[in-house]
Amino acid sequence: QHFATRSPGRMEYRMRRRDGQYRWIDEAAAPSYDADGTFIGYVGSCVDVTDRRVAEAALREGEARMRALVESLPQLLWSNRADGFCDFLSPQWIAFTGVPAERHLGGGWLDAVHPEDRDLVQEAWAQAVKGGLPFDVEYRLRRHDGVYRWFAGRAAAVRDEQGAFQRWFGTSSDITEIVEA
(Lines give C-alpha, C1' and ligand atoms only; values in the text may rest on other atoms or scores of the structure.)
Protein backbone atom coordinates (compact mmCIF):
# COMPACT_ATOMS: atom_id res chain seq x y z
CA GLN A 1 0.00 0.00 0.00
CA HIS A 2 2.79 2.44 0.88
CA PHE A 3 4.68 1.61 -2.31
CA ALA A 4 1.56 2.21 -4.35
CA THR A 5 0.93 5.62 -2.79
CA ARG A 6 4.58 6.51 -2.10
CA SER A 7 3.54 7.49 1.43
CA PRO A 8 5.59 7.21 4.62
CA GLY A 9 4.91 4.12 6.66
CA ARG A 10 5.23 2.98 10.23
CA MET A 11 4.34 -0.29 11.88
CA GLU A 12 5.23 -2.53 14.78
CA TYR A 13 5.62 -6.25 14.38
CA ARG A 14 7.49 -9.16 15.89
CA MET A 15 10.62 -10.56 14.32
CA ARG A 16 12.51 -13.69 15.27
CA ARG A 17 16.20 -13.21 16.00
CA ARG A 18 18.80 -15.80 15.08
CA ASP A 19 18.71 -17.10 18.69
CA GLY A 20 15.00 -17.92 18.20
CA GLN A 21 13.70 -15.15 20.47
CA TYR A 22 10.93 -12.93 19.12
CA ARG A 23 11.41 -9.20 19.56
CA TRP A 24 9.08 -6.28 18.81
CA ILE A 25 10.28 -4.01 16.02
CA ASP A 26 9.14 -0.45 15.31
CA GLU A 27 9.76 0.18 11.62
CA ALA A 28 9.52 3.64 10.09
CA ALA A 29 10.14 4.37 6.42
CA ALA A 30 9.91 7.37 4.13
CA PRO A 31 9.88 7.42 0.34
CA SER A 32 13.16 8.38 -1.32
CA TYR A 33 13.54 10.14 -4.66
CA ASP A 34 16.54 10.80 -6.89
CA ALA A 35 17.56 14.26 -8.13
CA ASP A 36 15.02 14.01 -10.99
CA GLY A 37 12.17 13.24 -8.58
CA THR A 38 11.97 9.58 -9.54
CA PHE A 39 10.93 7.29 -6.72
CA ILE A 40 13.84 4.97 -5.90
CA GLY A 41 12.53 3.19 -2.83
CA TYR A 42 12.31 3.74 0.87
CA VAL A 43 14.74 4.85 3.53
CA GLY A 44 13.86 3.57 6.94
CA SER A 45 14.90 2.24 10.24
CA CYS A 46 13.96 -0.61 12.53
CA VAL A 47 14.23 -0.18 16.27
CA ASP A 48 13.83 -2.96 18.84
CA VAL A 49 11.04 -1.76 21.15
CA THR A 50 10.52 -4.99 23.07
CA ASP A 51 11.65 -3.51 26.39
CA ARG A 52 9.30 -0.56 25.97
CA ARG A 53 6.37 -2.85 25.16
CA VAL A 54 7.16 -5.07 28.17
CA ALA A 55 7.33 -1.98 30.42
CA GLU A 56 4.03 -0.66 29.03
CA ALA A 57 2.34 -4.01 29.65
CA ALA A 58 3.70 -4.09 33.21
CA LEU A 59 2.44 -0.55 33.76
CA ARG A 60 -1.05 -1.46 32.50
CA GLU A 61 -1.07 -4.53 34.74
CA GLY A 62 0.05 -2.46 37.75
CA GLU A 63 -2.61 0.16 37.03
CA ALA A 64 -5.28 -2.54 36.83
CA ARG A 65 -4.16 -3.97 40.18
CA MET A 66 -4.19 -0.51 41.78
CA ARG A 67 -7.62 0.24 40.35
CA ALA A 68 -8.96 -3.05 41.77
CA LEU A 69 -7.38 -2.28 45.14
CA VAL A 70 -8.80 1.25 45.25
CA GLU A 71 -12.25 0.03 44.30
CA SER A 72 -12.19 -2.74 46.92
CA LEU A 73 -11.47 -0.52 49.94
CA PRO A 74 -14.28 0.84 52.11
CA GLN A 75 -12.49 4.17 52.65
CA LEU A 76 -13.06 7.21 50.51
CA LEU A 77 -9.82 7.75 48.59
CA TRP A 78 -8.50 10.86 46.93
CA SER A 79 -5.36 12.41 45.54
CA ASN A 80 -4.16 15.94 45.04
CA ARG A 81 -1.47 17.70 43.12
CA ALA A 82 1.46 19.17 45.04
CA ASP A 83 -0.35 22.52 45.26
CA GLY A 84 -3.32 20.89 47.03
CA PHE A 85 -5.67 20.82 44.03
CA CYS A 86 -7.84 17.67 44.27
CA ASP A 87 -7.64 15.80 40.97
CA PHE A 88 -8.97 12.33 41.85
CA LEU A 89 -11.86 11.02 43.94
CA SER A 90 -12.52 7.30 44.27
CA PRO A 91 -15.80 5.69 43.27
CA GLN A 92 -16.52 5.32 47.00
CA TRP A 93 -16.36 9.11 47.46
CA ILE A 94 -18.72 9.65 44.55
CA ALA A 95 -21.15 6.98 45.80
CA PHE A 96 -21.05 8.33 49.36
CA THR A 97 -21.63 11.99 48.44
CA GLY A 98 -23.80 11.36 45.40
CA VAL A 99 -21.98 14.21 43.68
CA PRO A 100 -20.19 13.82 40.34
CA ALA A 101 -16.41 13.93 40.77
CA GLU A 102 -15.99 17.01 38.57
CA ARG A 103 -18.00 19.11 41.06
CA HIS A 104 -15.70 18.11 43.93
CA LEU A 105 -12.39 18.50 42.13
CA GLY A 106 -10.09 21.38 43.03
CA GLY A 107 -11.48 22.77 46.27
CA GLY A 108 -15.03 21.66 45.52
CA TRP A 109 -14.73 18.69 47.91
CA LEU A 110 -15.07 21.16 50.80
CA ASP A 111 -18.75 21.54 49.83
CA ALA A 112 -19.33 18.05 51.27
CA VAL A 113 -17.74 18.98 54.61
CA HIS A 114 -20.12 20.07 57.40
CA PRO A 115 -20.21 23.90 57.57
CA GLU A 116 -19.10 23.83 61.24
CA ASP A 117 -16.03 21.72 60.34
CA ARG A 118 -15.10 23.42 57.08
CA ASP A 119 -12.72 26.06 58.48
CA LEU A 120 -10.87 23.47 60.57
CA VAL A 121 -10.47 21.12 57.60
CA GLN A 122 -9.49 23.91 55.23
CA GLU A 123 -6.84 25.23 57.63
CA ALA A 124 -5.46 21.72 58.31
CA TRP A 125 -5.22 21.09 54.58
CA ALA A 126 -3.57 24.46 53.91
CA GLN A 127 -0.97 23.74 56.63
CA ALA A 128 -0.28 20.29 55.21
CA VAL A 129 0.20 21.65 51.68
CA LYS A 130 2.59 24.32 53.01
CA GLY A 131 4.57 21.55 54.71
CA GLY A 132 3.87 22.69 58.25
CA LEU A 133 1.72 19.90 59.65
CA PRO A 134 0.53 16.44 58.67
CA PHE A 135 -3.07 16.18 57.48
CA ASP A 136 -4.85 14.13 60.13
CA VAL A 137 -8.24 15.56 61.03
CA GLU A 138 -11.74 14.44 62.00
CA TYR A 139 -14.72 16.04 60.33
CA ARG A 140 -18.23 15.36 59.10
CA LEU A 141 -19.10 14.65 55.49
CA ARG A 142 -22.54 14.90 53.92
CA ARG A 143 -23.80 11.63 52.55
CA HIS A 144 -25.94 11.55 49.37
CA ASP A 145 -29.12 11.50 51.51
CA GLY A 146 -28.10 14.64 53.45
CA VAL A 147 -26.98 12.81 56.60
CA TYR A 148 -23.60 13.83 58.00
CA ARG A 149 -21.18 11.12 59.13
CA TRP A 150 -17.89 11.49 60.98
CA PHE A 151 -14.68 10.74 59.10
CA ALA A 152 -11.00 10.58 59.93
CA GLY A 153 -9.10 12.16 57.06
CA ARG A 154 -5.43 11.43 56.58
CA ALA A 155 -3.02 12.22 53.78
CA ALA A 156 0.58 11.44 52.94
CA ALA A 157 2.78 13.31 50.53
CA VAL A 158 5.00 11.83 47.86
CA ARG A 159 8.20 13.87 47.73
CA ASP A 160 10.95 14.14 45.16
CA GLU A 161 14.66 13.64 45.89
CA GLN A 162 14.96 17.23 47.17
CA GLY A 163 11.98 16.78 49.52
CA ALA A 164 9.52 18.88 47.51
CA PHE A 165 5.91 17.72 47.38
CA GLN A 166 4.97 15.90 44.18
CA ARG A 167 1.52 14.55 45.05
CA TRP A 168 -0.78 13.81 47.95
CA PHE A 169 -2.72 10.61 48.59
CA GLY A 170 -5.44 10.54 51.21
CA THR A 171 -8.15 8.49 52.80
CA SER A 172 -11.31 9.36 54.66
CA SER A 173 -12.50 6.58 56.97
CA ASP A 174 -16.00 6.54 58.46
CA ILE A 175 -15.65 6.72 62.26
CA THR A 176 -19.25 7.67 63.12
CA GLU A 177 -19.81 4.68 65.41
CA ILE A 178 -16.60 5.42 67.31
CA VAL A 179 -17.46 9.10 67.75
CA GLU A 180 -20.99 8.32 68.84
CA ALA A 181 -19.78 5.69 71.33
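## Basis of the description

Residues are numbered from 1 along each chain as its sequence is written, and side-chain values use heavy atoms, with hydrogens and water left out. Because the model is predicted, local features need pLDDT of at least 70 and side-chain atom pairs count only at pLDDT 80 or more, while totals for chains, interfaces and linings use all residues.

Helices (H or I, at least four residues) and strands (E, at least two) are DSSP runs numbered from the N terminus, and two strands pair if DSSP finds at least two bridges between them.

Eight bridges join β1 and β2 in the antiparallel sense. Glu12 has Asp26 of β2 as its bridge partner.

The model contains 16 salt bridges, each defined as a side-chain nitrogen of Lys or Arg within 4 Å of a carboxyl oxygen of Asp or Glu. One of them joins the side chains of Asp51 and Arg23, with an N to O distance of 3.6 Å. Asp51 belongs to helix α2 (residues 50-72) and Arg23 to strand β2 (residues 22-33), so this pair ties together parts that are 28 residues apart in sequence. Asp51 is exposed at a relative accessible area of 58%, whereas Arg23 is buried at 14%. Here, buried means under 20% relative accessible area, exposed over 50%, and partly exposed in between (1.4 Å probe, protein chains only).

## A link between β5 and β8

Asp87 and Arg167 meet through their side chains in a salt bridge of 2.7 Å, N to O. The pair connects distant parts of the chain, with Asp87 in strand β5 (residues 86-89) and Arg167 in strand β8 (residues 165-174), 80 residues apart. Asp87 is partly exposed at 30% relative accessibility, and Arg167 is partly exposed at 24%. Elsewhere, salt bridges that share partners join Glu12, Arg52, Arg53 and Glu56 into one network.

Leu73 is located in the loop between α2 and β4 (76-81) and is partly exposed, with 30% relative accessibility. Together with Met66 and Leu69, Leu73 makes a nonpolar surface patch of about 250 Å².

Ser90 lies in the loop between β5 and α3 (91-97) and is buried, at 0% relative accessibility. With neighbours within four places in sequence set aside, Ser90 is in contact with Val70, Gln75, Leu76 and Leu77. Patches are made of residues with over 30% relative accessible area and no salt bridge, like charges being joined within 9 Å and nonpolar side chains (Val, Leu, Ile, Met, Phe, Trp, Tyr) within 5 Å. Accessible areas come from the Shrake-Rupley method with a 1.4 Å probe, and for residues only the protein chains shown count as cover.

Definitions and conventions: Contact means heavy atoms within 4.5 Å.
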